[in-house]
Amino acid sequence: MEAHNVLAKHGFNVSSYGTGSAVRLPGPAIDKPNIYPFGTPYDDIFNELLRKDQRLYTQNGLLQMLDRNRRIKRAPERFQETREVFDAIITCEERCFDAACEDLVNRDTNLNIPVHIVNVEIKDNHAEAAVGGKHILELAAKLQQSRDRDDDIERILQEFQAQTGRSVLHTIAYY
């Protein structure tokens with residue numbers, strides 16, 4: 001969501017999604033996550049965790065993250081449930097990249113519209129998300145500025161990797 005926040009603030013038309021079967025947030029122990037169905041409003045999640053253990057969820061930054069998220073959009077959404085068509089999809093974890101690729105391959109559509117799927121690996125913590133959001137903004141700007149994204153993408157990604165040191169995966173899928 002940090003990348004969504006940064007991109008939106010810079011005028012990009014952006015959507016953000018999860019790819020798992022549910023929203024999983026840290027709980028009081030590693031084996032006790034807080035699990036919510038997609039579509040559960042961020043306000044509801046925030047208020048429930050506030051009631052459960054305000055100190056714990058303030059200390060681990062979860063309440064701060066949820067507060068930011070609820071200012072960006074109403075609720076978490078699942079990628080596999082959207083029928084929106086994108087010209088580029090940027091994921092932040094390889095497992096999300098794999099899930100997006102698998103979903104697009106298995107969709108029953110014949111629009112023959114290409115979509116570039118790029119994974120920029122970002123560790124799931126606040127500091128990495130802030131830096132990663134800025135890096136994704138740089139990448140999105142370069143993709144947007146390209147006159148021929150299909151021809152330019154490999155060069156753009158190579159330059160991006162060299163400048164940021166981030167691992168990148170890329171593929172093309174079709175709607």
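Q: What makes helix α1 count as mostly covered?
A: Six of the eight residues of helix α1 (residues 2–9) are buried, where buried means under 20% relative accessible area, exposed means over 50% and partly exposed lies in between, with a 1.4 Å probe and protein chains only. These buried residues are E2, A3, H4, N5, V6 and L7. They pack against α3 (62–72) and α5 (126–145). Helices are DSSP runs of H or I with at least four residues, strands are runs of E with at least two, and both are numbered from the N terminus. After α1 comes G11, whose phi is positive, near 85°.

Q: What kind of model is this, and which pLDDT is needed for local features?
A: This is a predicted model, in which local features need pLDDT of at least 70, side-chain atom pairs count only at pLDDT 80 or more, and totals for chains, interfaces and linings use all residues. Residues are numbered from 1 along each chain as its sequence is written, and side-chain values use heavy atoms, with hydrogens and water left out.

Q: Why is the chain called as compact as a globular protein of its length?
A: The chain has six helices and five strands, in the order α-β-β-α-α-β-α-β-α-α-β from the N terminus. Its radius of gyration is 17 Å, close to the 16 Å that the globule rule gives for 175 residues, so the chain is as compact as a globular protein of that length. The radius is taken over C-alpha atoms, and the rule is 2.2 Å times the number of residues to the power 0.38. Of the 175 residues, 42% count as buried.

Q: Why is N119 called buried?
A: N119 has a relative accessibility of 1%, and therefore counts as buried. N119 is placed in strand β4 (residues 114–120). Leaving aside neighbours within four places in sequence, N119 is in contact with T91, C92, E93, E94, F97, S167, V168 and L169; contact means heavy atoms within 4.5 Å.

Q: How do you know that the side chain of N119 makes a polar contact with the backbone nitrogen of E93?
A: A polar atom of the side chain of N119 lies 3.0 Å from the backbone nitrogen of E93. A polar contact is a pair of N or O atoms within 3.5 Å; within protein, one must be able to donate a hydrogen and the other to accept it, and residues adjacent in sequence count only if both atoms are side-chain atoms.

Q: Is E94 buried, exposed or partly exposed, and why?
A: The relative accessible area of E94 is 43%, so E94 is partly exposed. This residue is found in helix α4 (residues 94–106).

Q: Why is K73 called buried?
A: K73 counts as buried because its relative accessibility is 12%. K73 is placed in the loop between α3 and β3 (88–91). The side chain of K73 makes a polar contact with the side chain of E77, at 2.9 Å. Leaving aside neighbours within four places in sequence, K73 is in contact with M1, H4, S16 and Y42.

Q: What makes V85 partly exposed?
A: The relative accessibility of V85 is 39%, so V85 counts as partly exposed. V85 also has its place in the loop between α3 and β3. Its contacts, apart from neighbours within four places in sequence, are L111, I113 and Y175.

Q: Why is N112 called exposed?
A: N112 has 61% relative accessibility and therefore counts as exposed. N112 lies in the loop between α4 and β4. Its phi is near 60°, a positive value in a residue other than glycine. Most residues other than glycine have a negative phi.

Q: How do you know that S146 is buried, and which residues does S146 touch?
A: S146 has a relative accessible area of 16%, and is therefore buried. Its place is in the loop between α5 and α6 (149–164). S146 touches D152 and I156, not counting residues up to four places away in sequence. The side chain of S146 reaches the backbone nitrogen of R149 at 3.2 Å, and a polar atom of that side chain lies 3.2 Å from the backbone nitrogen of D148.
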